[in-house]
Amino acid sequence: MEENVLILGAASDMAVGIARKFAAEGYSITLAGRNMDRLKAIEADLKVRHNGNVSSVMFDALDFENHYNFYHSLPEKPDVVISVFGLLGDQEEAQSDWKSCQEILFSNYVGAVSILNVVANDFEKRKKGVIVGISSVAGERGRQSNYLYGSAKAGFTSYLSGLRNRMFRHGVHVLTVKPGFVKTKMIENMKTPGPLTATPKEVGERVFKAVKAKTDTIYVRPIWSPVMIMIRNIPEGVFKKMKL
Ligand SMILES: NC(=O)c1ccc[n+]([C@@H]2O[C@H](COP(=O)([O-])OP(=O)(O)OC[C@H]3O[C@@H](n4cnc5c(N)ncnc54)[C@H](OP(=O)(O)O)[C@@H]3O)[C@@H](O)[C@H]2O)c1
């Protein structure tokens, strides 16, 4: 029987790139998200392109109480779970409005922890599975322009690292993805440098390759590795004076 991928936050542009790649490689796909109309449209498109087994289910990352039931009532237990959902939010607004701030923290960190705890406990029992988390380079060093989002992603990166350490001995692989810039609606209003900006299709290909190779952490475009070494190594005394 074909393996199944559960994609959480499946209406995102990046998720579509990932779903297309896994469907092309013969996986059955479960799309999970809160916008059922959009999921149904993506489902129909995947079926036409790949003639595959695709279904859609309601999932809200902030509905913590329901995460256990959501996962345990899936028609098919997944072999791979990819957590894609996230929210950039508005940094300035969130600095003074707790509701906006909380939404950023919960959408990028708490929601992911809540659902992936449930997944991890199941995979641990089954002694197999792959968990993929879409985190961000923004989590590597806090900057004034997006440190609320960045700090939630930093928490998520750290969570994935600990989860990988816990799950290794149980035959479960955990992959951390730091995409860098990706041309999606999340950053549609931003001007980003071409060489640092990937497409959702590239994300799908890199994630698939890393799942197969059991890689621990990836940047989608390798150029992000030297860029982030540089950014991490700017002395704090200099960094705090920069407008980033
Ligand atoms: N684009 C970039 O440059 C970039 C860079 C680094 C990391 N990332 C990360 O990549 C991931 C995908 O983002 P994207 O670029 O593809 O942006 P996107 O198209 O805006 O996707 C974000 C998705 O998250 C979903 N989502 C947000 N809150 C949710 C909730 N409570 N429950 C369920 N789904 C929820 C949204 O669902 P709705 O469709 O219902 O709103 C949307 O589909 C995110 O985790 C993001 O932080 C993006």
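Colleague: How is the orientation of α1 relative to α7 described, roughly parallel or oblique?

Modeller: Two packed helices are described by the angle between their axes and the distance between the axes. Axes are lines fitted to C-alpha atoms, for helices over the stretch in contact, with angles running from 0 to 180 degrees between N-to-C directions; angles under 35 degrees count as roughly parallel, over 145 as roughly antiparallel, 65 to 115 as roughly perpendicular and the rest as oblique. In this predicted model, where local features need pLDDT of at least 70 and side-chain atom pairs count only at pLDDT 80 or more, totals for chains, interfaces and linings use all residues. Residues are numbered from 1 along each chain as its sequence is written. The axes of helix α1 (residues 13–24) and helix α7 (residues 200–213) come within 7 Å and cross at roughly 50°, and α1 and α7 are therefore oblique to each other.

Colleague: Which residues of α1 and α7 make the contact?

Modeller: Two residues are in contact if their C-beta atoms, placed from the backbone, lie within 7 Å, and helices (H or I, at least four residues) and strands (E, at least two) are DSSP runs, numbered from the N terminus. On the α1 side the contact includes Met14, Val16, Ile18 and Phe22, and on the α7 side it includes Pro200, Val203, Val207 and Phe208. By class, the contact of α1 with α7 has 8 nonpolar, 2 polar and 5 charged residues, where Ala, Val, Leu, Ile, Met, Phe, Trp, Tyr, Cys and Pro count as nonpolar, Asp, Glu, Lys and Arg as charged, and the others, Gly among them, as polar.

Colleague: At what angle do α1 and helix α2 pack?

Modeller: The angle between α1 and α2 (residues 36–50) is about 30°, and their axes are 10 Å apart. Val16, Ala19, Arg20, Ala23 and Ala24 of α1 meet Ile42, Leu46, Arg49 and His50 of α2, a contact that divides into 6 nonpolar, 1 polar and 2 charged residues.

Colleague: How many of the 244 residues count as buried, as a percentage?

Modeller: For the protein, 39% of the 244 residues count as buried.

Methods:
A residue is buried if 20 or more other C-beta atoms lie within 10 Å of its own, exposed if 12 or fewer, and partly exposed in between; C-beta atoms are placed from the backbone.
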